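This report describes the architecture of a single chain, beginning with a sheet and its helices and ending with the surface. Please read it alongside the sequence and the structure shown below.

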Amino acid sequence: MLALNRAMAVISFKLDGTILDANENFLKTVGYTLEQVRGRHHSMFVTKEDAASAEYKAFWERLRQGEYDARQFQRVAADGSEFWIEASYNPVFDRSGKPVKVIKFATVITDQKNREADMAGQAAAIRKAMAVIEFTLDGHILDANENFLAVTGYSLGEIKGKHHSMFCDAGYRSSPEYRAFWEKLGRGEYDSGQYQRFGKGGREVWIQASYNPIMDAKGRPLKVVKYATDITEQKAARQLAKAVGEAQAVIGRAKDKDLTTRIDMAGKEGEVAILCGGINELIETMAQVIGAVGAISGKVAAAADKMASESVELAERAEAQASSLQETAATTEELAASIKTSAGNSRQAAALGDEAKTVASRGGAIVTDAVAAMGRIEQASASIADIISMIDEISFQTNLLALNAAVEAARAGDAGRGFAVVASEVRALAGRSSESANGIKSLIANSSEQVRSGVQLVKDAGRTLDEIVDAANRVAGTIAEISSAATEQANGVEEMAKTVAHMDEITQRNSLMADASSKLSRDLQGETQALAALVGAFRLGGSDQPARLAADLRSVLPAMRAAAAPAKPVPLPRVRVAGGRGDDGWAEF
């Protein structure tokens, strides 16, 4: 008891709580003297609220029953200040085992309690502000606060008893680095830093954390407590800020026409990596496009030069063609007039051919009649020798024959004039027949020979006239065909003259368009030179030009050529031209 009195605060009570005695340690703690406390109730050391509480009454009831109670208590000193004690209330029994009083042994722990309260407050503040999780030394989860569960998206039941590796990606959890991490913590070594973790559903989380080994009374590692702060947004913001700075630098160089730099993708993750990769792809695409445009602008410039040269040549040819067509138009008009005159002459020739055909037909009929008459004369001459004796009758008949010959001569026109002379001579002969019978005989003999010759000549003349009639018929037919062909030619040449005039008008328009095309080509040259100068100002870093982009950009060239090309010539009509002998043909002008 002496030892206890020296080390501890001791006070004794009746079973109802009345103070019997107190040692110096106790009196110093409460600030009273023994006279001030003896005979008073224990409730003087508690607040009025505690003294009036049911728990306080039950506390003394248990002590009266002989029950032991030991714990930390808050008490009130004489000056009203509060203090904490670690105390045990010990019922004292008589020989029969009946409680007779209560002795309390106490140690003042106010400073310790305050330190504990401070530490508890700090721990509570930490747990309130931070994500806290506890692990065994091998990494299995013991407990986690609401903050940690909110960060990861799990409930406590989903993670308790599982290993810390559930928050890591597969590659890291199987790495030697991860095994070394837990071996370090198992040895009681502290670790802190920024860590990438994965919550429920694979959601990426970044934390600023410290892994704190907790030691037992002998300084041996007992467990690991991790205090963490969710820095996912800050990490993303820092990465974004860094990426924005790098992007600004790259874009600034691009604005200065330097397309050789790219954003370094090392350490870029998530949306920041997507953003930076997109900017790099944009710069790369710009470099490819500028390079392709530069290559194509050179081709366009060469094409524009060629187009300008060809446009000038086209304009010169168009002017020459226009001049030639003007001459052709004038010649065609003269030809049309000449063919019209020829057509008129052909029609007159056809009329004359018809008239000659008629005359030849009449001549053929006369010759036919003459042949018949000569046949009859031949027969008469053969009979003259038999009727010389009947000179009078012959004279009469000769006169009659002369009369008939005169009639036939009149019918024969100019061809019958010779027969009229013969008839006159016959009449004279008939008058002198009686005086010249002997002469008649010789004359008849001579006349018969001449008549036979004349008959033969008349027959030959008849055959010749038949041939003339046939030829006249053929000539008339040919002249009619020529007249028809000449009429068709006149119509065709007239149509051709109209076509040539239309061609002349089109050629004049083509000449104007060729001039405009030449001017447009020169303008195109200037634009392509400006484009080449603009593209040439970019630095591309020697990147290759993809064939796909070049093919796409080359599609611009036909449009530019189409814009600078002269108008397409109008197709010329095809006209029908009749041949000189009625053969039809087609010609294209």
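Which strands does helix α6 lie across, and at about what angle does helix α6 run to β4? Helix α6 (residues 110-129) lies across β3, β4 and β5, and its direction makes about 120° with that of β4.

## Basis of the model

The model is predicted, so that local features need pLDDT of at least 70 and side-chain atom pairs count only at pLDDT 80 or more, whereas totals for chains, interfaces and linings use all residues. Residues are numbered from 1 along each chain as its sequence is written, and side-chain values use heavy atoms, with hydrogens and water left out.

## The five-stranded sheet

Five strands form an open sheet in the order β2-β1-β5-β4-β3, with antiparallel pairing; strands here are DSSP runs of E of at least two residues and helices are runs of H or I of at least four, numbered from the N terminus, and two strands pair if DSSP finds at least two bridges between them. Because β2 (19-22) and β3 (69-76) stand at the edges, each with a single partner strand, one side of each is left without a neighbour in the sheet. Neighbouring strands are turned by 30° against each other on average, direction ignored, where axes are lines fitted to C-alpha atoms (for helices over the stretch in contact) and angles run from 0 to 180 degrees between N-to-C directions.

Strand β1 (residues 9-13) is joined to β2 by three bridges, with Ile11 opposite Ala22 in β2, and β1 pairs with β5 over five bridges, with Phe13 opposite Val102 in β5. Between β4 and β5 there are nine bridges in the antiparallel sense, and Glu86 stands opposite Thr107 in β5. These two strands, β4 and β5, form a hairpin with five residues between them, and Gly97 in the turn has a positive phi of about 85°.

## The chain as a whole

The chain has 17 helices and 12 strands. Of its 589 residues, 34% count as buried, meaning under 20% relative accessible area, with exposed over 50% and partly exposed in between (1.4 Å probe, protein chains only). Among contacts between residues at least 6 apart in sequence, 55% join residues at least 24 apart.

Notes: Contact means heavy atoms within 4.5 Å.
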